[in-house]
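Here's a quick briefing to read alongside the model. Have the sequence and the 3D view open as you go.

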Amino acid sequence: MNQYDYVIIGSGFGGSVSALRLSEKGYKVLVIEKGKWFNQAEDFPKTNWNLRKWMWLPGLGLQGLFKMTLYRHVVALSGVGVGGGSLVYANTLPVPKSEFFNSGHWKGLSDWENDLKPYYELAKKMLGAERHPYMSRNDKAMLQMANEMGSDVTFEKTDVAVHFGKIGMTVPDPYFDGKGPDRTGCNLCGGCMLGCRYNAKNTLDKNYLYLAQQLGAQILAEKEVYDVVPVQDDGSTGYTIHFKDSLSWFSAKGKINAKGVIFAGGVTGTVRLLLKLKTSSLKTCQI
Ligand SMILES: Cc1cc2nc3c(=O)[nH]c(=O)nc-3n(C[C@H](O)[C@H](O)[C@H](O)COP(=O)(O)OP(=O)(O)OC[C@H]3O[C@@H](n4cnc5c(N)ncnc54)[C@H](O)[C@@H]3O)c2cc1C
Ligand code: SF4
């Protein structure tokens, strides 16, 4: 018997959007996230030197929101926690220019620019994106440099997923007709990549996940999915999702059944998990 219609592994951008849209369709949804909830200002680090609150390396007692995955030639950075990468990202939401859609592999397959336009607009609306209202010293320096190079037309301010409003002022939900959480005006502290301690950054727990929860979606934090086993070989009757505590030394285990599974653990989470399961539990399914 399946306890959920869908289990979503990971609560970043992919997982949060899936959680809301599936919940809107009436499905029973569970999101499993290996990182922590970061609700209060005190949950976030004030500086990078507070490794325990900043970095994610639970084996060493570091239970923060910033993960570095070391590969042979590169280091991949990612966010860990309810909201995934949105907790640490730089909030910039640029839409690719026409040149992008008309080059390389995109070219000729479809009218991508127009096909995707309404979805970019929807995502920006959901994330509360607005043109940055201020010019920092860095912006001014860039503009001056662009001027000197004769390419000032290429300078533009970025759209960012931040509530600006009035600095430090908390207002009722300005985005979702009152269904969302209160937001506070950004104070320009510049600490976005440590996580926002001022309730101004429009992280996924303030929009997609928040609204999904109101529709009944559940979020299980501090649990890492390590196996997904089809009930029947082809997965047609559902899957058993195995997870373990991600923070405790003893890693207590649990399992849950669902009709479908969404792998949304980001590149460093999903790819690793799928490659492992491809030759074990999921080898009878088509991946
Ligand atoms: C420092 C930084 C700055 C960035 N700035 C920008 C920017 O300005 N604009 C922009 O567009 N993009 C930016 N990005 C990139 C953006 O954050 C990512 O592209 C985006 O978060 C990817 O979304 P995702 O849903 O694929 O995965 P993620 O958002 O990474 O979410 C995956 C989640 O799954 C969880 N997870 C993984 N495996 C498991 C498992 N087995 N069990 C349970 N949970 C699991 C992880 O803990 C994580 O919370 C930035 C990224 C970083 C690191
Ligand atoms: S208050 Fe600071 S951390 Fe929060 S969005 Fe503004 S600049 Fe970023």
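Asn-91 sits in the loop between β6 and α3 (98–101); helices (H or I, at least four residues) and strands (E, at least two) are DSSP runs numbered from the N terminus. This is a predicted model, where local features need pLDDT of at least 70, side-chain atom pairs count only at pLDDT 80 or more, and totals for chains, interfaces and linings use all residues. Residues are numbered from 1 along each chain as its sequence is written, while chains are lettered from A and ligands numbered from 1 in the order in which they are written.

**Two asparagines with positive phi**
- Asn-91 isn't a glycine, yet its phi is positive, at about 65°.
- Asn-91 counts as buried because it has 22 C-beta neighbours inside 10 Å (buried means 20 or more other C-beta atoms within 10 Å of its own, exposed 12 or fewer, partly exposed in between, with C-beta atoms placed from the backbone).
- Asn-199, also not a glycine, has a positive phi of about 60°, and lies in the loop between β10 (183–184) and α6 (208–214).
- With 19 C-beta neighbours inside 10 Å, Asn-199 counts as partly exposed.

**Around ligand 1**
- The shell holds 32 residues, with Gly-10, Gly-12, Gly-84, Gly-85 and Gly-269 the closest (a residue is near if its C-beta atom, placed from the backbone, lies within 6 Å).
- Elements supplying at least two shell residues each include α1 (13–24), β12 (223–230) and α7 (266–278).

**Whole chain**
- The protein chain has seven helices and 14 strands.
- Of its 287 residues, 33% count as buried.
- The C-alpha trace of the protein chain spans about 65 × 50 × 45 Å along its principal axes.
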